[in-house]
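Please open the structure in your viewer and keep the selection tool at hand. The tour goes from one selection to the next and says what to look for at each stop.

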Amino acid sequence: MQNTFSHTILVVDDNALNLHLLTTILTGAEYTVLTCGNAEEAQEITDKSSPDIILLDVMMPGMDGFSLCRELKQNKRFSDIPVIFLTSLSQQEDIVEGFNAGGSDYIVKPFNRQELLARVRNHIRLHDMLMENKRLTRLSEDASRSKTEFLASMSHEIRTPLNSIIGMAEVLSETPLSREQQQFVSIFRSAGESLLEIINDILDLSKIEAGQTELEAIDFHLSSLLDSVVSILSVRAAEQNTRISTYLAPTVPDAISGDPTRLRQILINLLGNSLKFTENGSVDISVQTDSTDTLLFSVEDDGIGIPPDKQKLIFESFTQADSLTTRKYGGTGLGLTICQKLVTMMGGKIWLESTADLGSTFFFTYPFQKAVNSPLPAAEKHNPPISCELLPTARILLVDDNEDNRNLLCLYLRNTPFLIDTAQNGLEAVEAFCRNSYDLVFMDIEMPTMDGYEATRKIRRWENSEQQSATPIIALTAHAFVRFRNKCLEVGCSDYLTKPVRKNTLLQTIHTHLNIQPNAQTAEKEQEAPPMKPDTQDLPHVILDAKIRKLIPRFLENKKADIVRMQETLESDKYEELKKQAHTVKGTSWMYGFKSLGDNCLKLEKAAAAGDRKLAEHLLTEVAVYLDTVIIGYRSPDSKNDSGE
């Protein structure tokens, strides 16, 4: 069989007759042949020519063939070159030593021409296949790298203007507006949030596929995590008149160790998907033990369901049941794909059961370990919203080349006691920092003249030379990939904020890094209830965000219906069901701002768990009276008072 293109073969043998014979056989088969008589010459030729295959004599003066093969295999440049040993040794131990040295095959002298060519031909074919696979792998990796870089770049370019759109909408919503203007602001703010959600979904999927997502092992309270998931989506559920309930089986440990961030992401995606396709219905989240170290989660809805022929496609990227569904309900079709990949990363599995027009249930398993320590429930470690009245004077340097971003952050901080200086690039920032004394720096990363990385390095070097303590430097960037965060921290940044930056996130970051402790007198004033009219001062009252005013009548109606159901449940002595109902009402009450209502439902949940009928009856009566008598007030958009009841 003739070669379609030439391959180079290096023959190493100290016997001139063997070299001549092998050269004749191989050149006759149209191979290019290089020859030498010892290991040292073989190393030089291999380094210069990188042959496709080596025929190597075992017994040679100086370094023998086994030793030469070991050295070649330790070099990454030559490790893939097949080595066929030429030997008159046919003992089993010699053959084994050859393979252990890294050899691919052996030929026993004297040579059989047909056998020699067949072995050479097979190993060259395997070598060609290996090289082609490596080439394709490199191309695939390059393509993946290019896609990741493209997405990172696009994310940055889109997030930068999006930061201004969402941020200015937030600032504008806090100014006096007519009802029509409030509606307009709400529309473009919602559109910006939707665009940000799409970008985040695409980036999440890209990070998972690029292997940039790392799982954590943190102790956390499962019940608190479920409460936070329900709270996040409860307003949306109320708008659709959809009831959300949660159930934790008694065998499920409350404090577990795992990755709460990724688990929350999975649950939010699944719950959000169910809410999208369920109106005037219910969505139930259930957690049970599947084994001693695995939990079984289910998210069940009574929405539109999924036809059997579409179910196998539902976890694929950019896929929904059909194009009409996409047009009607929107979404990228990435949420369930992200869920599948995250569950798989965690060592679990995900599947669904669904019937068209009747609803769907998504199941997934979650391997876990019991918590080593006893973590605080989320409610106990919740930080209240930052009030400007609690902030002391501080001087802040804001560095960003985008004027809109500078203006936005200055607007966020306009009613605070902070003194704000601005710089348009890293060079201006370093000069300003060396001239003045700052308590905190917000540093954009991508800027002309000098970027944020180099500016941060120069500031840290100046602080060291002047023996100054490190000033908190918070990186501001539209990049959302982990490597950018790590790079920011490596050059000396204290923290990292991804654009778009929200006002409360900005204030919370300042609060954290300046170690601000609230003034006791001011904090006490912050907790004072607003003055009440004389005839209502003994009634329960609550001050809510004006943005949810339209949702409150339906909320109260639903809660009153929930109380009736709980009373019926108690009369039937179904304490486990009562506990589940009280848990659900507790979460939504806290989310809407009805703290007293939520607190009483927490007590009711505990009473049901203890089977205390008398206490449960008393609490249900208190809750019913509360819902009938509560006085509701609303904060104006520009109000500084963030307190509830």
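Begin in this predicted model by selecting helix α2, residues 39-49, and colour Ala 39, Ala 42, Ile 45 and Thr 46 within the helix, for these four residues are buried. If you turn the view to look down the axis of α2, the buried residues fall within an arc of 120°, so they line one face of the helix. An α-helix has 3.6 residues a turn, so residues three or four places apart point the same way. On the face turned away from that buried side, select Glu 44 and Lys 48, which are exposed.

Next, display what covers the buried residues of α2, which includes the strands β1 (8-12), β2 (32-36) and β3 (53-57), together with α3 (65-74).

Now visit the two ends of the helix. At the start of α2, select Asn 38, where a side-chain oxygen reaches to within 3.2 Å of the backbone nitrogen of Glu 40. After α2 comes Ser 50, whose phi is positive, near 45°.

From here, move to β1, a mostly covered strand in which four of the five residues are buried. β1 runs parallel to β2, and five bridges join the two strands; to find one of the pairs, select Thr 8 and its bridge partner in β2, Thr 32.

Methods:
Residues numbered from 1 in each chain as written. Predicted model: local features only at pLDDT ≥ 70, side-chain atom pairs only at ≥ 80, totals over all residues. Heavy atoms only, no water. Buried < 20%, exposed > 50% of the residue type's maximum accessible area, 1.4 Å probe, protein only. Arc of directions from axis to C-beta. Contact = heavy atoms within 4.5 Å. Polar contact = N/O pair within 3.5 Å; in protein donor to acceptor, adjacent residues only side chain to side chain. Pairing = 2+ DSSP bridges.
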